[in-house]
Structures are given as structure tokens and as C-alpha cells.
Amino acid sequence: MTETLNGELVAGSGNPAPLSPALLLCCARGVVLYGSVERSMSAFAYYQSLAKSSAQTQVSAAEVKKKKKKRKNNDTEPEMKAKKKIKTLNKKAKVEENSEKASAEEQCPLNGLGPVKAESLHTVLTNLNKVSNSRERASRLFQWIIHPHPAKTFFRDYWEKKPLLIKRQNQEYYQGLFSTAEFDKILRNDNVQFGVNLDVTSYTNGKRETHNPPGRALPYTVWDFYESGCSLRMLNPQAFSSTVWNVLSILQEMFGSMAGANVYLTPAGTQGFAPHYDDIEAFIVQLEGKKHWRVYNPRSEDETLPLVSSPNFSQNEIGKPILDVVLEAGDLLYFPRGFIHQGNCLPDAHSLHITISSYQRNSWGDLLLKVMPAALEMAMEEDVEFRKGLPLDYLSFMGVQNSDKEDPRRDRFLSHMDGLMKKLVSYAPVDAAVDQKALGFLHDCLPPMLNAEEKASSVYGAPARWEDGEAVNVTVQMKGQTKIRLIRAGVARLCGDGGAVHLYYTTENSRVYHQQELKSMEIKEEHTDALEFLIHAYPKFITVSSLPCDTEENKISLAESLFEKGIIHTSESLKAK
């Protein structure tokens with residue numbers, strides 16, 4: 001069930017329930033739809049006013065504990081003084097933007113629907129293991145993330161166009177994805193490095209600062225920064241959290257583009273980042289506590305769907321928000337690249353959210369950057385018109401210094417150039433350029449996180465082991481009747497490289513971004529048809545004997561090579577020879 005207002009949409013489901021304070025306000029063009037409130041009061045300001053006056057307003061269960069007394073340590077006294085300074089600035093800084101009043105006609109509506117009841121993440125992932133097709137898994141997982149909004153209408157109406165806010169009133173909806181407890185566990189057990197895996201930031205009095213010391217981010221130092229009022233950003237949680245890895249490795253098949261994530265932990269009453277826009281499609285998933293978000297339209301056409309992220313903006317550079325809302329645990333906010341945003345914590349609760357992102361440098365222009373140089377190179381090889389010399393005197397009438405000249409030679413020159421550009425299209429190797437773009441994506445990909453059944457039926461579950469002083473069960477029985485298929489739909493891609501053909505695959509990728517080069521295996525010419533047959537057969541299992549190779553020996557040899565690299569698995573676990 002949805003409500004629309006001013007072109008924006010907020011989704012929810014369930015039976016009507018008493019409205020929470022954060023949902024009472026719904027203004028459009030000066031009309032108050034819920035509650036009694038000043039026309040220009042923002043959702044955040046109204047939330048604060050109700051929180052002060054209503055005895056029924058409950059503080060979040062994840063309320064931040066009282067600040068501990070600062071440790072006294074002579075060896076770290078200069079560092080402690082610096083952190084105390086940060087803390088003092090945070091206490092003194094009045095976050096004036098929290099009480100700024102955006103005009104009523106720019107407010108986005110908040111729904112007053114009852115709690116969203118849906119499967120837990122654990123149940124969803126368990127059920128997805130039963131889905132044979134990895135593309136279908138991705139589709140179902142994404143639908144759960146944006147539930148109850150249909151994925152079809154999301155991509156039609158919101159994707160790359162405008163923000164979508166989903167208020168659920170279900171704080172446990174995303175439970176299990178990530179938590180502050182897991183954050184702490186990672187700091188204790190893993191080699192988290194400042195500046196590589198973790199950033200410490202603050203934003204006070206309009207100034208954004210990073211406070212990363214060198215070396216490993218140990219709990220002793222990290223939590224002291226947090227108590228001093230600094231925000232913590234974990235840059236690649238998928239490298240440490242198996243659940244985040246699982247979710248992103250599934251979603252990347254939905255987007256056909258890298259799915260990444262950052263985790264943000266912000267102390268109560270603080271802000272960690274200045275207003276800015278990003279070069280990715282962003283899904284803000286609120287996991288704990290609350291956070292006040294303001295989202296602004298791109299400032300110009302040039303900043304719509306930008307190629308790179310923006311610098312930090314000052315408050316007077318960004319105008320008024322089109323969306324002013326408090327996200328609570330279980331809520332989701334999507335906004336496209338180019339939409340300026342900033343988030344700050346409420347005074348009474350910390351905030352933990354994960355930003356899931358995709359579609360960085362995945363535009364038509366990015367594809368053309370690969371198409372055009374290759375097209376020109378091919379045209380110059382095959383068409384003499386592209387190899388003919390330029391006019392002897394072209395420097396005398398062309399160029400910026402001659403651009404205002406009225407010279408018939410300029411007209412002839414530009415006309416000839418236009419003709420060559422039109423001919424260039426016929427030389428565009430679009431498929432080859434798409435393959436190059438695909439290889440970039442495969443390099444970006446996370447390796448697939450296999451479930452128990454997939455492990456048992458792949459090389460990772462092969463019976464080879466050390467026993468009684470010797471290696472046993474080293475080879476498995478791959479036969480003609482053995483049924484095989486790709487272990488994931490997008491796990492491998494067949495590409496031509498000059499005179500050779502290679503199969504590129506992601507099973508040996510690292511969970512750390514680009515830690516290793518993309519792996520490939522050279523494919524014999526007589527095996528290319530068999531690989532295309534195998535790729536196109538997914539999600540169906542096919543018998544090894546059905547591969548279009550010349551001999552049974554070649555069929556089994558190819559299947560064994562793919563099995564060894566983890567690219568395929570079998571319908572049943574293989575036994576040792």
C-alpha cells in the first residue's frame with residue numbers, strides 16, 4: 001500500500017496503527033495532512049518538538065550509554081587532548097540545520113501505516129539457498145530489501161530519477177545484516193587498518209575532518225574516538241562479515257555491476273560528514289538507532305547522474321531539501337547519484353546504517369569510452385579515407401583562435417569530419433567493447449559465497465585429503481553421464497583476446513576489492529562451442545556427454561578443468577576414483 005504526494009512515494013504495508021511522532025507530519029504545498037503543526041516546520045523539527053512534550057515517546061532501545069570518564073594515560077596525553085578538543089567542539093556546536101525550516105511544499109510525505117511484517121533476513125537467505133537460479137535469488141533478495149515496493153515500479157519510476165523512502169515501523173526488519181556488536185568483534189579479531197578499512201570522521205561548525213592515525217584500528221583507540229564524538233566508517237564490511245559478503249555477492253547479479261557497502265556508526269547528537277553527492281546509486285539501510293536525513297535535488301543538469309563524487313558543500317550552497325526525515329531501524333532510503341545528502345544523529349540515540357551501492361561508472365558513456373577508440377583503430381586499418389592526410393593549411397583556419405572566422409575552408413573541413421564520424425559507427429565493435437566492460441565488472445565482483453549443497457557438489461567439497469601419511473581421493477569420477485552446470489549465472493565469461501579465447505571467472509576473486517588480478521584460463525578452439533553451450537544452458541544441469549566436443553575424452557577433460565577452478569558443480573557430489 002502506498003501514498004503519493006508531490007511526486008514522491010513512501011511505501012508501507014499492514015493494518016492502520018497509531019502513528020508514531022515521526023510519522024505524524026505529512027505536508028504538501030502548505031497543507032497539513034496529519035497532526036497540527038506550523039506550515040514550515042520540518043519533519044525533524046516536529047519530531048523533536050513531540051519528543052519533548054509527549055511522555056509516550058520512547059527512547060530507542062539502542063540508546064547510547066553515558067559517556068565514560070576519560071582515561072588518564074601519560075603516554076597518550078597529547079592524543080587525548082586532541083580528542084577532548086573534538087568532543088568539546090561537538091558539545092558546543094549547535095546543529096542549526098536540525099531546526100532549519102524547509103518550506104511545506106518541498107516536504108516529502110511520511111506514511112502512517114502499520115508495521116511491515118515480512119520474513120527475517122536469516123529466513124530469506126535460508127530460503128534463497130533453495131532457489132536453483134542465482135539470478136532469481138538476486139531478484140528475490142532485492143525485492144525483500146525494498147519490500148513492500150515492487151521492484152518493477154521502482155526501476156521504472158525511481159531508479160536514477162528520484163529518492164524513495166520506505167518507513168516500516170519494524171525495527172527488526174534488517175536484523176542480522178550487521179550490528180555494533182559485530183563491529184566490535186571485527187575490531188578485536190581482524191586486522192582492521194585506519195584509512196584502509198576504517199575512517200574516523202567529524203563534522204563540526206561546517207568543517208569536515210578525518211582523524212585517522214596510522215596502523216591497526218584496535219578497540220581501545222577506536223571506541224575512544226567514538227566517545228569523543230567521532231563517526232566511524234567501515235569501508236569494506238564484506239571483507240569481514242560473511243552475511244554482508246553473502247548479500248552483496250547475490251545482489252551483484254541483480255545489478256550487473258559491482259555491489260559495494262560501507263557501514264556508518266555515529267554517536268548521538270553528532271554528524272560525521274558534510275553535505276555531498278556520490279557517484280553511486282545508494283540504498284541507506286537503517287540498522288540501529290535513528291538518523292535525521294536531508295536530501296537535495298542535483299543543483300544543475302551537469303550534476304545529474306555525475307561521473308564522480310562531489311567535494312564537500314557548505315550549507316548555503318545546497319538550497320532547501322526535498323526530503324527531510326528521521327530514519328529508524330528497519331527503514332530504507334534510496335537516492336540516485338547526484339542527489340546531495342547529509343545525515344546527523346538525534347540527541348537521544350546513536351545510529352548504525354549500512355549503505356549498499358552500485359552502478360559506479362556503468363553508463364552508456366562509459367561503454368562508449370571503450371567502443372570509440374576501438375572503432376577508430378579498426379576504421380583506420382580498413383578504410384583509406386581515415387588514413388588520408390589532413391589539408392596542408394588546416395592549422396591556418398582551424399582551432400580555437402580561428403573559430404570565429406568566416407572561411408569556406410572551415411565549412412568543408414567540418415563537413416568532411418562529420419562524414420567520417422558517421423562512417424565510424426559502422427566500425428564500432430560493440431560486442432567486444434561490452435566484453436571489456438564485463439571484464440571490469442568481473443574483476444570488481446565478490447567471489448560467490450557457496451551454500452552447503454554447492455560446496456558439497458563442487459571442488460570445495462571434493463574428498464581429497466591427507467590420511468595415514470598419504471594423499472587419498474585426489475581424483476574424482478567425472479563421467480559422461482555426470483550432470484554439470486555453472487555454479488552461478490555470472491561466474492564466468494568467454495571473451496576473445498586477439499587470436500586467443502579466454503574464460504574469465506570470479507571464483508578466485510578476493511573479498512578485498514582488487515586484491516588480486518582477475519583469473520582466466522585459455523580455451524582451445526575446439527572447446528569454445530561447448531563453453532557457450534554450458535553458459536547458455538544455465539540454470540539447467542547438462543550431462544558431460546552433451547557438450548559439443550569432438551571426443552568423449554575432450555568432453556571429460558574440459559569438465560574436469562572447469563570443476564578444478566570451481567566454475568562448475570555437479571548435480572550430485574562426486575565420488576573418488
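Reader: Where is the place of Ser231?
Author: This is a predicted model. In it, Ser231 lies in strand β8, which covers residues 231-234.

Reader: Is Ser231 buried or exposed, and why?
Author: Ser231 counts as buried because its relative accessibility is 1%, and the cut-off for buried is under 20%.

Reader: Which residues is Ser231 in contact with, leaving aside neighbours within four places in sequence?
Author: Its contacts include Asp199, Val200 and Thr201, and also Leu265, Thr266 and Pro267. Among these residues, Thr266 also has a side chain joined to that of Ser231 by a polar contact of 3.5 Å.

Reader: Changing topic, how do the axes of helix α6 and helix α7 cross?
Author: The axes of α6 (residues 180-189) and α7 (residues 219-227) cross at roughly 140° and come within 9 Å.

Reader: Which residues meet there?
Author: From α6 there are Phe183, Asp184, Leu187 and Arg188, and they meet Pro219, Val222 and Trp223 of α7. By class, this contact has 5 nonpolar and 2 charged residues, with no polar ones.

Reader: What is the mean pLDDT of the protein?
Author: The mean is 85, and 80% of the residues reach 70 or more.

Reader: Where does pLDDT stay under 50?
Author: It stays under 50 over residues 1-48 and over residues 50-114. The model has 142 contacts beyond four places in sequence for residues 1-48, and 133 for residues 50-114.

Reader: What should I do with such parts?
Author: Where pLDDT is low, the predicted coordinates should not be read in detail.

Technical notes: Residues numbered from 1 in each chain as written. Heavy atoms only, no water. Axes fitted to C-alpha atoms, helices over the stretch in contact; angles between N-to-C directions. Helix = DSSP H or I, 4+ residues; strand = E, 2+ residues; numbered from the N terminus. Contact = heavy atoms within 4.5 Å. Nonpolar A, V, L, I, M, F, W, Y, C, P; charged D, E, K, R; others polar. pLDDT = per-residue confidence, 0-100. Buried < 20%, exposed > 50% of the residue type's maximum accessible area, 1.4 Å probe, protein only. Polar contact = N/O pair within 3.5 Å; in protein donor to acceptor, adjacent residues only side chain to side chain.
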